[in-house]
Amino acid sequence: MKRQVHIAMQVNNEPVEVSFAPYKTLLEVLREDLNLCGTKHGCELGECGACAVLLDDLPVLSCLVLAVECEGRRVTTIEGLVTYGRLHPLQEAFADLGATQCGYCTPGYLVTAKALLDEHAHPTRDQIREALAGNLCRCTGYQQIFEAVEAAIQSSAERGEAKLAPRSARPEEAQP
Amino acid sequence: MKENTLRLIGKPRRRVDGRAKVTGQTKFADDIMLPRMLHCKLLRSSVPHARIVRIDTSRALAHPGVHLVLTGKDFQVPYGILPVSQDEYPLQPEHVRFVGDPVAAVIARDELTAFEALDLIDVEYEPLRTFSTPEESLEHEQPRIHDYGDRGNIHKAVSLAFGDVDKAFAAADEVFEDTFFYQGNTHLPIEQHASVAAKDPDGKLVLWSSTQTPHYVHRAIARALQMRPAHIRVVAMPNGGGFGGKSDPFHHEIVVCKAALLLDRPVKICLTREEVFYCHRGRHPVLMQFKTGVKRDGTITGVHLKTLLDGGAYGSYGVASMFYTGALQTVTYHIPTYKFQGCRVFTNKPPCGPKRGHGTPQSRFGQEVQLDKIAEKLAIDPAELRLRIVEKPDTLTANYLQVTTTGLTECIRRIVAASDWKTRFRKLPHGRGLGLACSSYLSGAGLPIYFNDLPHSGVQLKLDRSGGVAAFCGATEIGQGSDDVLVGCVAEVLGIDPLDIRAVTGDTDLTPVDLGSYSSRVTLMMGNAAIQAAERARELLADAVSRKLEIPKGRLVFAERRVFDAEDPDKGVSFSEAVCLAEAAFGTIGTTGSYTPPKLGGRYKGGGVGPSPTYSYSAAVVEVEVDASTGWIHVPRVWIAHDIGRALNPTLVRGQVEGGVYMALGEALMEEQEFRRLPKRLSDALVHKFPSILEYKSPTTLEMPEVFTELIENPDPRGPFGAKEAGQGPLLPVMPAVANAVYDAVGVRIDEVPITPEKILKALEAKAAGKSPRYGPAKFADVPWPETLQVPPPWEGGDGKAINSPPKAAKEPARKSPATEAVQS
Amino acid sequence: MMRLPYFRYLAPRTVHEAADLLAASAGDAMLVAGGTDVLPNMKRRQQVPGTLVGLRQVAELKQMTNGDGLRIGAGMTLTEVVSRLKIPGPYAALRQAAVQVATPHIRNVGTLGGNLCLDTRCNYYDQNYEWRKAINFCMKKDGKTCWVATSSPKCLAVSSTDTAPALLALQATVTLVSAEKTRQIALADLYRNDGIHYLTRQPTEILTAIDVPRLGGWRSTYWKLRRRGSFDFPVLSVAAALKFAPDGSVEDARIVLGAVASRPLETPAASASLIGQRLTDEAIARASELAAVPARPMDNTDFTLAWRKRVARDFVTYALREVRGDDVSKLRLSVARQLV
């Protein structure tokens with residue numbers, strides 16, 4: 001009964017096999033067994049939203065998902081938002097517009113907002129508020145978060161998701 | 001630095017740690033995973049007040065996977081954040097004072113094993129009388145919760161008079177007396193406190209921790225474990241929110257240090273949310289009474305303020321918190337005569353301490369609500385009343401606080417205009433209302449927590465031949481953007497890009513001391529230190545470049561990663577070349593800067609709390625909608641103006657202001673640190689009512705109103721590039737503005753925080769029944785005040801010293817402490 | 001971090017298999033569907049089953065069909081229920097209830113069956129093991145006393161499901177399957193007014209489906225009182241379903257209160273008062289007063305009990321006004337914080 005459990009799943013578009021203690025939630029397996037510490041926790045009871053990840057593309061709380069139930073499923077964490085060294089437009093906007101302060105709730109917001117934008121290309125401010133109503137942030141007062149999501153919609157629309165033009169003042173583009 | 005030459009400062013900019021945060025790469029304490037790491041859990045008292053008769057750890061020690069069990073016997077020396085309150089042990093040896101007080105620790109192979117073993121520790125308690133309210137603690141002197149403090153269960157009581165208030169009241173046209181209650185609440189950072197301790201390869205101790213004050217934690221560990229401080233390294237990891245809740249040295253930090261030393265293996269602890277509520281150090285519940293005399297034109301003749309603070313079970317910052325309830329009234333408005341009486345008592349609840357605004361929001365609430373009542377009685381618009389009484393710049397107040405610049409008048413004008421105050425106040429339909437309030441706050445405490453003459457902040461720079469700069473400072477990134485301030489100031493002075501600078505912060509081995517991220521001190525103090533260090537480096541580079549290019553030093557410009565001739569911009573060298581020239585001329589380039597506040601404050605006992613190099617000012621208008629049938633309250637909009645001096649990075653300043661409004665609305669409307677006492681005939685229990693994020697109500701995206709923020713920029717000569725604080729002040733005016741708006745909406749006074757639908761409805765029912773349309777405390781408590789210290793204000797010929805010396809209350813020290821420290825007062 | 005205790009995990013693929021596993025585990029097993037209720041309870045050691053029977057892979061629990069009425073598989077997530085009820089018609093109460101459960105994240109995994117079987121809640125019970133130890137536990141778990149009312153012979157934990165009052169108003173029935181038999185009962189008969197034994201479901205039974213009759217001529221809605229527009233459980237809720245005659249008078253009515261007892265409370269007197277009436281302000285006021293009578297909130301949730309009792313009639317009024325066709329969008333915004 002106390003032996004390890006072994007499962008295979010897709011994490012950030014890569015196949016992963018992992019063994020872990022059978023009582024663990026997806027949150028614990030991501031952080032402790034897969035070293036993906038970008039996913040945070042603030043209560044482990046489903047009361048704060050810090051541990052949000054995408055499970056089969058839907059935002060869920062990883063603290064309330066049994067890891068044994070993740071066999072064969074697709075998990076996206078904050079680590080999976082960067083593609084080919086490019087930040088997701090949401091990440092750029094959050095960094096630029098003050099939507100991250102302490103940064104602890106930020107991964108949960110970003111994956112949740114990504115799911116929103118993947119479903120609705122142009123959500124209204126109210127739809128953004130609703131979609132993010134399961135994430136608590138004690139730092140920002142949310143306003144800069146809403147603005148960042150809206151800016152990301154704009155920039156995604158302007159650039160097209162696939163080819164993002166570089167912006168200035170980013171480490172990747174910093175000139176010597 | 002001249003206004004027109006600033007390139008970086010004052011412009012909205014991605015924060016320097018922005019990328020790390022949005023990619024989830026910022027490493028918080030619980031993200032540290034080390035080989036061979038063990039896990040620690042604390043057993044906490046299940047009783048509110050008791051003697052420990054016996055602890056048996058044998059069953060826990062025998063549990064498979066358990067490596068070590070520690071109890072109070074393993075720690076001999078108490079510690080505490082203030083030298084006057086060294087009253088905590090890592091694990092309580094004999095006396096537990098609240099449900100949640102740690103008594104034992106289990107270190108095991110994993111967290112679940114440690115948790116299981118906790119239940120195998122047998123503790124026998126002998127119950128003591130439980131004190132659940134300040135009134136009970138005042139009434140019964142025995143048993144004492146602590147064997148130190150003024151007397152009985154009074155931790156500290158003071159009485160200070162700056163002039164004769166009775167005369168001031170006699171000279172007034174109207175005298176107002178109002179009693180208020182401000183409920184306690186907590187910080188609720190989303191990150192739970194976590195720490196990892198290890199022996200480094202050299203056998204010395206390292207602690208990585210979510211702390212706002214690594215320097216004080218460093219001192220506390222050295223004291224509690226009786227170790228050589230030079231062999232302890234404390235690394236403050238970025239905090240996942242602090243708000244004051246991670247400013248004390250904590251039990252768990254010292255316990256994991258001890259365990260790591262004994263086991264020679266890394267040991268981690270990460271608190272549960274429930275334990276974070278027990279660490280607390282949050283807002284003190286405060287009962288207060290304001291007596292204010294005014295002339296018909298609104299001019300204040302005198303104020304007499306009494307406060308009673310429910311301190312919880314330990315000292316923490318409590319003596320300072322108590323003084324802060326009386327400190328800043330005079331900085332906001334001109335009060336020619338002022339009397340302050342404050343008292344903090346111990347109760348059997350988690351200790352209160354500093355939360356955003358530290359001690360000042362409670363009395364700010366009382367004062368601003370009372371001013372609203374005064375304005376109504378005198379038939380003066382509340383905004384106009386405040387404009388008449390704001391404290392003037394370059395003033396020494398009645399209690400000897402130095403106001404340098406104040407933008408409060410401009411703040412009030414801006415929110416009045418933005419909220420359309422003049423056409424809407426008292427004119428909205430029943431059920432809708434506007435309320436206005438103001439505030440001020442420190443930009444850094446003028447004095448350190450332990451007495452010393454040393455700088456409060458130090459910055460060290462190392463300039464590399466590559467053109468890169470490393471900036472070292474003990475300041476702690478808690479989300480407020482301190483790394484960005486550090487880097488921004490250095491980049492501005494040296495004319496390089498923020499990304500060329502590596503910030504190394506909050507590490508007691510590597511960085512010069514900065515006292516920590518509390519009291520809104522970092523921007524001002526670290527900023528000034530950073531500018532000094534950078535200017536010294538620029539001087540060296542300018543010397544070398546000037547010699548090489550034969551351009552007078554005064555003509556050299558540092559910008560765009562170049563050093564060039566202002567009159568012929570093509571003539572110059574790259575920044576990295578400039579560093580090489582300087583290194584060739586002077587050797588390795590490194591500079592330091594430090595900041596020590598000017599000598600401030602009165603020389604009376606208690607005069608050390610309140611002085612600050614400069615004060616920030618805020619004013620807010622809140623709009624509410626109140627349902628008269630249910631009392632339901634809805635806040636659709638808030639306007640706030642903040643006197644920031646200068647916004648170093650306006651994106652971050654706005655975030656601080658809006659975050660302050662958010663936290664304020666939580667306090668104003670729903671957040672409460674509440675306790676439940678079971679029926680005494682059946683149980684001794686006194687427990688936190690709901691130590692969970694679900695039941696401690698933090699507003700969500702759906703509750704947050706639209707906030708319209710205005711920044712008032714009037715550079716202060718003492719601030720870095722003129723900057724003042726933004727982290728705490730903007731929280732302060734919001735709670736009273738809500739209360740004042742409720743009055744405008746439905747005509748009832750809620751003299752209490754939080755302002756809930758239940759209270760509004762009760763007040764409405766009282767109003768309908770022809771009773772006083774108010775909800776709030778009926779009277780102030782009966783406090784045995786000490787004799788009053790008489791300090792004549794500056795305009796009565798005073799020099800900041802007391803003219804009498806009341807007998808000292810009989811005191812016993814908690815314990816003979818090996819490191820005796822001077823009392824800061 | 002809070003950790004689950006050790007447990008055995010079983011993953012049947014059919015209802016049949018699941019029922020057999022439950023039967024074989026003799027009281028030591030619990031079902032887990034979305035897990036958003038049972039997992040926090042396990043972390044707090046309120047429930048410590050030795051075996052969890054996971055229903056995630058039971059496909060037959062995830063179907064929704066429109067026949068003569070509506071049949072919803074108990075394993076459908078609340079998000080799925082909401083999105084399938086985009087045009088809810090008479091089932092508006094169910095949509096309103098489901099869309100207000102907890103948070104978007106929780107609705108993405110929490111199921112309708114799970115919400116109907118939600119453990120009763122109480123401020124003395126929904127606490128960590130260490131906290132409950134500090135009050136010497138309570139009647140519902142490990143203790144003897146009900147601290148809400150110390151002389152109470154039964155547990156007073158609160159029924160906190162949003163969807164049950166709504167589905168009760170909509171006259172739903174539920175199907176319960178065990179290894180031995182399948183039975184269909186009125187949803188009203190699933191609940192008992194006892195905080196511990198709040199369900200008539202046997203431990204070996206699986207709630208597999210919810211049936212709501214075709215409700216021609218009915219209109220319904222659901223209102224929820226909670227401190228915040230998200231996260232919070234209801235501390236008072238009102239579901240109302242009314243059938244209107246062609247002349248606009250009320251032909252039939254169901255008003256059900258949630259979160260004021262250990263089960264959802266039907267209010268027959270209030271409902272009866274509306275029959276044959278037009279929904280005038282007076283009729284609404286009378287029904288609201290009557291509906292609020294049986295509400296007996298206790299001091300074991302958010303807000304004071306006196307106030308929760310006091311505003312019950314206001315919430316009934318909101319519901320009846322909305323069913324009448326009043327524009328209540330501003331109230332929805334300020335009271336329920338529902339933006340969209």
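Q: What makes a residue count as buried in the 65% of chain B?
A: Buried residues make up 65% of the 825 residues in chain B. A residue is buried if 20 or more other C-beta atoms, placed from the backbone, lie within 10 Å of its own. The model is predicted: local features need pLDDT of at least 70 and side-chain atom pairs pLDDT 80 or more, while totals for chains, interfaces and linings use all residues. Residues are numbered from 1 along each chain as its sequence is written, and chains are lettered from A in the order in which they are written.

Q: Why is chain B called as compact as a globular protein of its length?
A: Its radius of gyration is 27 Å, close to the 28 Å that the globule rule gives for 825 residues, so chain B is called that compact. The radius is taken over C-alpha atoms, and the rule is 2.2 Å times the number of residues to the power 0.38.

Q: What makes a set of residues a nonpolar core, and which have the most contacts inside the largest one?
A: Such a core joins buried Ala, Val, Leu, Ile, Met, Phe, Trp, Tyr and Cys residues through C-beta atoms within 7 Å. The largest has 447 residues; B:Ala471 and B:Leu486 are among those with the most contacts inside it. Helix 16 (residues 522-549) of chain B gives the largest share, 15 residues.

Q: What makes a pair of residues a contact, and how many residues does each chain bring to the contact between chains A and B?
A: Their C-beta atoms, placed from the backbone, lie within 7 Å. Chain B brings 45 residues and chain A 44. Helix 18 of chain B supplies the largest share of the chain B side, 9 residues.

Notes:
Buried ≥ 20, exposed ≤ 12 C-beta atoms within 10 Å, placed from the backbone. Helix = DSSP H or I, 4+ residues; strand = E, 2+ residues; numbered from the N terminus. Contact = placed C-beta atoms within 7 Å.
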